[in-house]
Each structure stands twice: as structure tokens, then as C-alpha cells.
Amino acid sequence: MTNIELSNRRSDAISRGVGVTTQVYAERAENAEIWDVEGRRYIDFAAGIAVVNTGHRHPKVIAAVKDQLDRFTHTCHQVVPYENYVRLAERLNNAVPGNFKKKTIFVTTGAEAVENAIKIARAATNRSAIIAFSGGFHGRTFMGMSLTGKVVPYKVGFGAMLPDVYHAPFPVELHGYSVEDSLAVLDKLFKADVDPNRVAAFIVEPVQGEGGFYEVPKAFMLKLREIADQHGILLVADEVQTGFARTGKLFAMEHYSVVADITTMAKGLGGGFPIAAVTGRADLMDSPGPGGLGGTYGGNPIGVAASNAVLDVIEEEGLSERAAALGARLKQRLQSLTDAVPQIASVRGPGFMNAVEFNIPGSKTPNAQFTNKVREKALEKGLILLTCGVYGNVIRFLAPLTIQDEIFAEALDILEYTLRECAKEA
Ligand SMILES: Cc1ncc(COP(=O)(O)O)c(C=O)c1O
């Protein structure tokens, strides 16, 4: 079986709507390494898009899953509940920022967590309008897609988006949008399009993921909280990509002096098993009536067992601190290359949620072509990288936080070699 054979079978059998960025077919994976069906080994700087923060097949996660497999795999929590679901909810209620009583629900994907956060916000406020941000990504379901602030490829061909969803510009200084500019447009939105007293919630990623790894400036988050409080609007933090030690804290909102009312989580929570969660102020979480929330697989015992182990591993192995240390080394290495690689426009990101953005040298024009070349060349050298950004000119780094030092060093060498080669050829 070769990658090319599988690739041909794949394109014959599977909708092209499900895009893939590599033609590398996985055979097995361990911590930060993946081996393909041809026996070739790769260093994984994608981590299944910020999912295996605790590494592929972390022994503790696998042991917890095996133990659960030996007892029961599915009863449906809404029919016959189980203890580890309750325990995980209690742990998240304690861990999610906010000095107030919280409650939690479990669902299966990030998009579903977002859907439910909006349902809860609407039920709690009796309002329907939602404000999201340009460049934001909240999933591919209808509400997730409607909230997402990027048309191509997420909204193309799918018709009218859900009503009462508005977008305000996300402040990115690098792209000429200051905090003040964004706030001025938000104010215009309130004057021209939607009465703030009709708005149920703001939804924001503390660090935009798909949109390009831009952090919400502290002053902007503070102001959002202030505006929310002024008008009775809820603040929903979408921590699906930022959560679980990725940014150097368990949650990215811990970097701010304000807290969200509702938090969505997925990806890193399950360490490779599908599970997602919504945690929020208890009074809000209790707004929907019994039966209004849930789903057949929500909080499936396998995902819950994995998640409880993930939380243990993050704590026991100090993965938040490790994220900060790894990210600092990566950023330092990238910054040392700015002379040799004049395409580098910005190196950024908290913890190990890092990115490098490329422009045409000497200009502010995004350089998606160079970005793709770096991704492809790195792959040829055995390093899996992901791109992102509204202009497709950002490479994001999301390796497992458990990556061994020597493999991390090897990855940095491949990255430096690739960047230097691409710059020479440009
Ligand atoms: C911030 C954010 N929200 C929601 C989602 C959707 O999650 P899922 O793909 O699990 O539905 C993603 C996925 O990338 C995300 O990054």
C-alpha cells in the first residue's frame, strides 16, 4: 500500500469538500512522531490540529481508555449516567477561570460546543443576536459557520447564513486594525444594525486559531467585558483551540484580568478522543429546560476517561510550563532568521501557540505562495506543518507539548534549513 494508491482511492471515494493538506497516510504514531504506510517517519507539528497536546497515545491516556473499554463503552449519559462524567464536570468547573459557581455539559465536537454555548446564551438572556469577529473560526455546523468570520472556504456555496449573527472587526495591528478602530466599528454596528440590548453574547477566541494566531489585545478584552456588562451581553470564550496548556496556561483566558461567562472546549481535552465541553456560570447553564441540551454520544465514557487522564497528565508533567519553554525556544529561533528570511513579517504567540507570518519582502502584501512552499518543503524533510490565516500566509506551530527535547531540536533544524532554502530560491 502506498500513499499515492491511497490518495487515488480517497479522491474516488470521498467528497472533495473534506480537504487534506498532506498525502501522508498514517500507519502509527507515538508522542510527536507519525509513521506513514510506506514506513517514512515524520515529526508532527500539527498534533491533529491542537488535539494531542499530551502527545499521540500518551501511556496514561491509553491506559485510562483501555480500562474503560473493559467496563463499558456506551450507555448514553441521558439514559444511564456514570461517575467519570460527573467527576470531569466537577474538575472543569474548578479549572475554568471565573470565581463563581459553574456547571458543565459534554458534547462531541468543537462546533457542537459552540452551538450549545449559543443556545445557552440565548435561553439565559432571552435575546437572539450574537456578535462574532472577522477572521474568527467556530466550526462547520450552521451556527458555527455563521459565526465564522472567513468566507473562503467555509461559507462558499452554502447559502444564507443564520440570522441575527453580526461580525465586528478583530483588532490586528499588523493589518492596520487597532483596538480603537475595532471598537469604533463595534459602536457603529450598535448604531446601524443591532440594538445592544438585543445582543445575547459576544463570542471570541482569546487567540484566533484558523484566522491566523492573533491574540486578543488585553485592552480589547477588557473593553469587551465592559461593554458586555454595560448592556447585559454575555461573553463566550471559544477555547476549543487555545485550551489545555497550549498557550502556557490551562486556558488562554487566564492571561487576561477578565473572565468569560461561558467557555467552549474540545480538541486538547480528549487527547485524541472525540469529546467537547461547555462550562459556564451555573445560573446560565441551567437556563435551558431538561432535554434541551445533550446528544446520544455527548460525554461518551471513552472520551470522558481519556479527558480525566489528560487533565492528570497536564498537571503531573507541568505541560503549561513546558508550552511556555518550548514556545520561547521556537520564537527565538525564528527571530534569529529574520535577516536571512526577509519574508518573515511577524513571529508571535503565547506559550506554544506560535506562528510565523510571511509577506512579500519589503511590503505588507501577504505571501501565501512562500508560506505553502515552506510547508511543502518541510514535509519533504519530514516535518508536518500547518498553515492558517485569512490570507493563507501564516504557519502555525502546534506540536505535542510532550515532545522529547532531541526531537524538538531536530524539528527546529529542519525548520531553519527549510526557511533558508525557500528564501534562497524565492
Ligand atoms: C476556535 C475553534 N472553535 C471551534 C472549532 C470547531 O471544532 P470542531 O472541528 O471539533 O468542530 C475549531 C476547530 O478548529 C476551533 O479552532
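A residue is called buried when its relative accessible area is under 20%, and exposed when that area is over 50%. The structure described here is a predicted model.

**Helix 7**

By this criterion, the buried residues of helix 7 are Val179, Ser182, Leu186, Leu189 and Phe190. These residues cover an arc of only 95° around the axis, and therefore they lie on the same side of helix 7. An α-helix has 3.6 residues a turn, so residues three or four places apart point the same way. On the other side of helix 7, the exposed residues are Glu180, Lys188, Lys191 and Ala192.

**The ligand site**

Which residues surround the ligand? They are Thr109, Gly110, Ala111, Phe137, His138, Gly139, Glu205, Glu210, Asp238, Val240, Gln241 and Lys267.

| Residue (backbone atom) | Ligand atom | Distance |
|---|---|---|
| Glycine 110 | oxygen | 2.8 Å |
| Alanine 111 | oxygen | 2.8 Å |
| Phenylalanine 137 | nitrogen | 3.4 Å |

Taken alone, the ligand exposes 390 Å², and the protein buries 84% of that area.

**Backbone geometry**

Most residues other than glycine have a negative phi, and most peptide bonds are trans. Several places in this model depart from that pattern. Valine 152 and proline 153 are joined by a cis peptide bond, with omega about 5°. Proline 153 is placed in the loop between helix 6 (142-147) and strand 6.

Cysteine 76, although not a glycine, has a positive phi of about 70°. It is situated in the loop between helix 3 (59-71) and helix 4 (83-95). Is cysteine 76 buried or exposed? Its relative accessibility is 11%, and so cysteine 76 counts as buried.

Alanine 245 likewise has a positive phi, near 80°, in a residue other than glycine. The loop that holds alanine 245 runs between strand 8 (234-238) and strand 9 (262-265). With a relative accessibility of 0%, alanine 245 counts as buried.

**Two buried helix residues**

Asparagine 84 belongs to helix 4. Its relative accessible area is 8%, so asparagine 84 is buried. What does the side chain of asparagine 84 contact? It makes a polar contact with the side chain of glutamine 68, at 3.3 Å. When residues up to four places away in sequence are not counted, asparagine 84 touches Gln68, Pro301, Val304, Ala305 and Asn308.

Valine 374 is found in helix 12 (residues 368-380). Its relative accessible area is 1%, and therefore valine 374 is buried. Not counting residues up to four places away in sequence, valine 374 touches Phe358, Leu385, Ile395, Thr418, Leu419 and Cys422. From valine 374 to arginine 420 there are 46 residues in sequence, while the two are 9.6 Å apart in space, C-alpha to C-alpha.

Definitions and conventions: Residues numbered from 1 in each chain as written. Heavy atoms only, no water. Buried < 20%, exposed > 50% of the residue type's maximum accessible area, 1.4 Å probe, protein only. Helix = DSSP H or I, 4+ residues; strand = E, 2+ residues; numbered from the N terminus. Arc of directions from axis to C-beta. Near = heavy atom within 4 Å. Polar contact = N/O pair within 3.5 Å; in protein donor to acceptor, adjacent residues only side chain to side chain. Areas by Shrake-Rupley, 256 points an atom, 1.4 Å probe, with all protein chains shown as cover. Contact = heavy atoms within 4.5 Å.
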